[in-house]
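Welcome, and thanks for taking a look at this one. Please open the model beside the text and follow along.

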Amino acid sequence: MKYIGKNFSIENIKVINLAKKYKTPLYCYSYKKLRENIINFKKNFKNLNPIICFAVKANTNLKLLKEINKLNLGADVVSVGELIKALKAGIKPKKIVFSGVGKTSEELSFAIDKKILLINTESKSEILEIEKIAKLKKKTVDIGIRLNPNTDAKTLSQISTGKKQDKFGVPEKHFIELLKYLKNSKYLKVKCLSVHIGSQILDNQPYEKMLNVVDRIIKKTKYKFQFIDLGGGMGIAYGNEKKQLNYKKYAFAIKKIIKKHDAKIIFEPGRSIIGNTGVLISKIIYIKKTSSKNFLILDAAMNDLMRPALYGAKHRIIPERKSNKFVNKICEFVGPVCESTDKFLTMKKFQKVNEKDLVIISDVGAYGMSLSSNYNERLKPMEILIKRSKINIIRKRQKHSDLI
Ligand code: LLP
């Protein structure tokens, strides 16, 4: 993804041509980038030889999941819907883990029937429910118990999951009690200790703290876990970060632990695999000038990309056509939705652009389309994938008739 001459292009295809043909707003992904990310992720943790389960919630597009399957990743799912999608994409049940605090009995029953690798449980009630279902089905079920390590992930509070006030996992004391209880269970086998402390983590320290807790608990319980599932959370560079996650250091810290406890590592990365593979192409509908700033009103809105409105997340916005003329006035990129939070980014200055020009909203591959909605009865955008210079339509644009 780069400018070729003056025009922003994805794998050598000019975005302007894509917009002309497929209209905007338009999600566009690069296969090359996806493959590169997966290769890099594997390389970073090569000496752990982990099972890598893509966090489907980050992007649920079936075609992308198929590509991810072909590149040999498994799946981390959090609902029966995601599980069905992952299976449909060809991902083998034995490469699927199921997480989440509120799995219903129907969801659990479906997962048990499909014989997935692990159900990562998050409470005693859930464990009792699985036990009940397993007994009825006369099956043994492999489970993990998700630990809440009470570790601050030092990320946005809304996407932090590993502190004691968060709803996720069970605290150390309960973890140990549950493990004791399950030792005598006829139907459930505890195979995994799982943990996931949050998302968009750029600091190694929270991961190291988390590993210390994991290490301490395994020592204390002397339990032989076949798997340690460390979740995902690896952050990416959206543009204004000062830090970058040091994978080498993280891998080294993990290696130290598994040397002692000899377990297979599972990862559940979402954002680090898919985040920077996608852009959202949008057209400027109007430019509304006020005395203090210019509003650039786009045809994309918070329903297409929710992250800025929901978390105050910042995605870089760049013009489709590069020039060296700038307007030295605050410009605010907003969408047409009737909410003041329908706002993507405010910049002190931006290149001079005109109504009908295109802009590119960057790094929207993760939690972009998957968080989209039909708010204001707006249609969900189209998604395309560029693979080896070929354009693949991987989701059609919704039609008004789809909503009626
Ligand atoms: N495993 C579990 C149990 C999770 O809850 C999550 C994300 C992941 C793995 C993947 O995390 P990742 O590698 O993508 O950071 N919508 C928010 C992010 C919410 C993440 C929820 N859980 C956002 O747009 O930033």
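The report below goes from the domains to the ligand and its surroundings.

Keep in mind as you read that this is a predicted model.

**The two domains**

The chain splits into domain 1 (2-29 + 275-403) and domain 2 (31-273). In the contact between them, domain 1 takes part with 24 residues and domain 2 with 26 residues. Taken over C-alpha atoms, the centres of the two domains are 32 Å apart.

**Where the ligand sits**

If you turn to the ligand, you will find it in the largest pocket. Which domains supply the shell around the ligand? Both domain 1 and domain 2 do, with at least three residues from each.

The ligand is surrounded by 18 residues. Ser-199, Glu-268, Arg-307, Tyr-311 and Tyr-367 are the closest of these.

**Polar side-chain atoms at the ligand**

| Residue | Ligand atom | Distance |
|---|---|---|
| Ser-199 | oxygen | 2.4 Å |
| Tyr-311 | nitrogen | 2.7 Å |
| Tyr-367 | oxygen | 2.6 Å |

How much of the ligand's accessible area does the protein cover? On its own, the ligand has 580 Å² of accessible area, and the protein covers 92% of that.

Key
Residues are numbered from 1 along each chain as its sequence is written. This is a predicted model: local features need pLDDT of at least 70, side-chain atom pairs count only at pLDDT 80 or more; totals for chains, interfaces and linings use all residues. Side-chain values use heavy atoms; hydrogens and water are left out. A residue is near a molecule or strand if one of its heavy atoms lies within 4 Å of it. A polar contact is a pair of N or O atoms within 3.5 Å; within protein, one must be able to donate a hydrogen and the other to accept it, and residues adjacent in sequence count only if both atoms are side-chain atoms. Accessible areas come from the Shrake-Rupley method with a 1.4 Å probe; for residues, only the protein chains shown count as cover. On a 1 Å grid over the protein atoms alone, a cavity is a set of points where a 1.4 Å probe fits but cannot get out, and a pocket is an open set with protein on both sides within 12 Å along at least five of seven lines; lining residues have an atom within 4 Å of a point. A molecule sits in a cavity or pocket if more than half of its atoms lie within 2 Å of its grid points. Domain bounds come from an automatic or database domain assignment. Contact means heavy atoms within 4.5 Å.
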